Amino acid sequence: MESLEKFFISSKDNLEDPVIRNKYIKRSGYIGVLANLILFGVKLAVGIVVNSIAVISDAFNNLGDSLSSIVTIVGGYLAGKPADEEHPFGHGRYEYISSFIVALLILGTGVMLFKSSVEKIIKPEDLNSSWVSIGLLILSLFIKIFLYIYNRVVGNRINSLGMIGVAEDAVNDVISSIGILISILVFVFFDINIDGIAGLVVSLLIFKSGLEILQHSTYYILGKAPSKELQDKIKNILLKGKYVSGVHDLDLHDYGGGKIVGSVHVEFPSDLIFKDVHDIADGLEREIKDQTSVQIVIHMDPAEKYEDGNN
């Protein structure tokens, strides 16, 4: 993955900068729109020629993905807006809202294709398969694999829920495309038509993907707590601070776009000079910002004594 990061991400870019981060999110959206519109056109043509509801379903799934990419672009633009008086912590949560909208689009596509697939199971029709159509489907499969790799690698690196959601959706597309290819090959070699069943499986995978993205985006919109690993790292930094005897009430809030702010109570011996304690707390706030990018405010609590003689 590290070598792929170097291929997809410029070493000159500061990924902590919201402007640079949103540049990658919007680039993902542009790539997604172009690739999925190409896939939609190819699969729709193949589906009509082959008379396959599974392929046509997959084509409209790709059309839905292109609409999702447009929403991702808009969400990335809105999330990149600077903080203002009404939104002092920025607009990063627009990214989560865009993921929520993407999920609704995916769910709508899944429902529509489920209905069409059931109709094909009830009234199956012969397929008109050809090796050209099979070759085009294999080509589309590799395009989806590329979209998965790109969005997974870059999305993890910049911690973008939207891009990770696109990557998860691409995985389901790869699985569904493989299933569709298998259904066509079964018809070619064994004259058994499972096209409606393949379409049904595709629609269920699409629906599952939509539910997962909906769940993730809802968690963050409602204020999901940052990871325990991050919380533990902050606590460890604080506990190593000079004269620190305890840490409690760590409170973190994720505002999207990589912006996390919070507060924490840190205990210091009550007999220390206040200015010294204040300087130590300021230093710890800077250290946490440098190591985790979290903007934190330390509340200094007096403690009876300090027992660790190492500081």
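**Note on aromatic pairs and a helix contact**

1. In this predicted model, Y150 is buried, since its relative accessible area is 3%, under the 20% cut-off for that class. F146 is partly exposed, at a relative accessible area of 39%. Both residues belong to helix α5 (residues 131-158), and because they are four residues apart there, about one helical turn separates them.

2. The structure holds two aromatic pairs, and the other one joins F40 and F60, whose ring centres are 5.5 Å apart with planes at 70 degrees, so that this pair is edge-to-face. Since F40 lies in helix α2 (residues 18-50) and F60 in helix α3 (residues 53-79), the pair ties together parts that are 20 residues apart in sequence. F40 is buried at 17% relative accessible area, whereas F60, at 29%, is partly exposed.

3. Helix α6 (residues 161-190) packs with helix α7 (residues 195-221) at an angle of about 170 degrees, the axes being 9 Å apart, and the two helices are therefore roughly antiparallel to each other. Among the residues making this contact are L161, I175 and S183 of α6, together with A198, L205 and Y220 of α7. By class, the contact comprises eight nonpolar, eight polar and three charged residues.

4. Within helix α6, S183 may be worth a look. S183 counts as buried because its relative accessibility is 2%, and, leaving aside residues up to four places away in sequence, S183 touches I192, I194 and A198.

How values were computed
Residues are numbered from 1 along each chain as its sequence is written. This is a predicted model: local features need pLDDT of at least 70, side-chain atom pairs count only at pLDDT 80 or more; totals for chains, interfaces and linings use all residues. Side-chain values use heavy atoms; hydrogens and water are left out. Axes are lines fitted to C-alpha atoms, for helices over the stretch in contact, and angles run from 0 to 180 degrees between N-to-C directions. Angles under 35 degrees count as roughly parallel, over 145 as roughly antiparallel, 65 to 115 as roughly perpendicular and the rest as oblique. Contact means heavy atoms within 4.5 Å. Ala, Val, Leu, Ile, Met, Phe, Trp, Tyr, Cys and Pro count as nonpolar, Asp, Glu, Lys and Arg as charged, and the others, Gly among them, as polar. Buried means under 20% relative accessible area, exposed over 50%, partly exposed in between (1.4 Å probe, protein chains only). Rings of Phe, Tyr and Trp (its six-membered ring) pair if their centres lie within 6.5 Å; planes under 30 degrees apart count as stacked, over 60 as edge-to-face and the rest as tilted.
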